[in-house]
Amino acid sequence: MTEQPPGSPYAPEDVVRQEGVGDADPFLRLWTPHRMAYIAGENKPTSDQAGAGCPFCRIPSLPDADGLIVQRAEAAYGVLNLYPYNPGHLMVVPYRHVADYTELTPAEVADVARLTQEAMVAVRAVSAAHGFNIGMNQGEIAGAGIAAHLHQHVVPRWGGDTNFMPVIGQTKVLPQLLADTRSLLAKNWPTS
């Protein structure tokens, strides 16, 4: 590793170097061990059935802060994603355990749509998002992590948010704890 000048962010004095992990190189590592829970399948249901085994069925029974619920409506709720792509990434989920968008009732469709609009307003108020990716992955083959219980993602985007960290480093830097994000969004959620 090339010697860096004292005080350089590339040679912080408090870096712990682990022996026996291969040849030294000029890269620092930003460890994100919380992502292993997602990779290992934590909180993923073991069956397609409704009930306590489905996190989207279980979350509404929790207090809002514990379940990371930002807003509740009659037929659906908004909840922060435990494994967010970007800060403020949330999902709109019908209470009813249903897999396919075509199976939603008109009231569920209306609540999912309204909560999605309100989520955009709240995220813009809190973090001035430049844009959003909004969508749902229908079925495991389409990338749904929990295919048996429909959920729509609302992912805030900013110019330059796809930078070297996720592209090269396969790491997202999230500057805020989920509980703090939930609190800010809940306070700024528009009233219907």
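Trainee: Which residues have the most contacts inside the largest nonpolar core, and how many residues does this core have?

Mentor: A nonpolar core is a set of buried Ala, Val, Leu, Ile, Met, Phe, Trp, Tyr and Cys residues joined through side-chain atoms within 4.5 Å. Buried means under 20% relative accessible area, with a 1.4 Å probe and protein chains only. Here the largest such core has 28 residues, and F56, V79 and L90 have the most contacts inside it. Please note that this is a predicted model, in which local features need pLDDT of at least 70 and side-chain atom pairs count only at pLDDT 80 or more, while totals for chains, interfaces and linings use all residues. Residues are numbered from 1 along each chain as its sequence is written, and side-chain values use heavy atoms, with hydrogens and water left out.

Trainee: Which elements give two or more residues to this core?

Mentor: Helices (H or I, at least four residues) and strands (E, at least two) are DSSP runs, numbered from the N terminus. The contributors are β1 (69–72), β2 (76–80), β3 (90–94) and α4 (106–127). The most comes from α4, with six residues.

Trainee: Why does the length of α4 agree with expectation?

Mentor: The expected span of a helix is 1.5 Å times one less than its number of residues. The 22 residues of α4 should therefore span 32 Å, and the end C-alpha atoms lie 31 Å apart, which agrees. After α4 comes A128, whose phi is positive, near 50°.

Trainee: Against which elements do the buried residues of α4 pack?

Mentor: An α-helix has 3.6 residues a turn, so residues three or four places apart point the same way. Among the buried residues of α4 are D111, L115, E118 and A122. Contact means heavy atoms within 4.5 Å. The buried residues of α4 pack against β1, β2, β3, β4, β5 and α6 (178–188).

Trainee: What does L90 touch, and which residue stands opposite L90 in β5?

Mentor: Leaving aside residues up to four places away in sequence, L90 touches, among others, V79, A119, V123, V154 and W189. Two strands pair if DSSP finds at least two bridges between them. β3 and β5 pair in the antiparallel sense over three bridges, and L90 stands opposite V154. Strand β4 (residues 131–135) also runs antiparallel to β5, joined by five bridges; there V154 is the bridge partner of I134.

Trainee: How many residues of β5 are buried?

Mentor: Five of the six residues of β5 (residues 152–157) are buried, so the strand is mostly covered. Of the 192 residues of the protein, 33% count as buried.

Note on methods
Buried means under 20% relative accessible area, exposed over 50%, partly exposed in between (1.4 Å probe, protein chains only).
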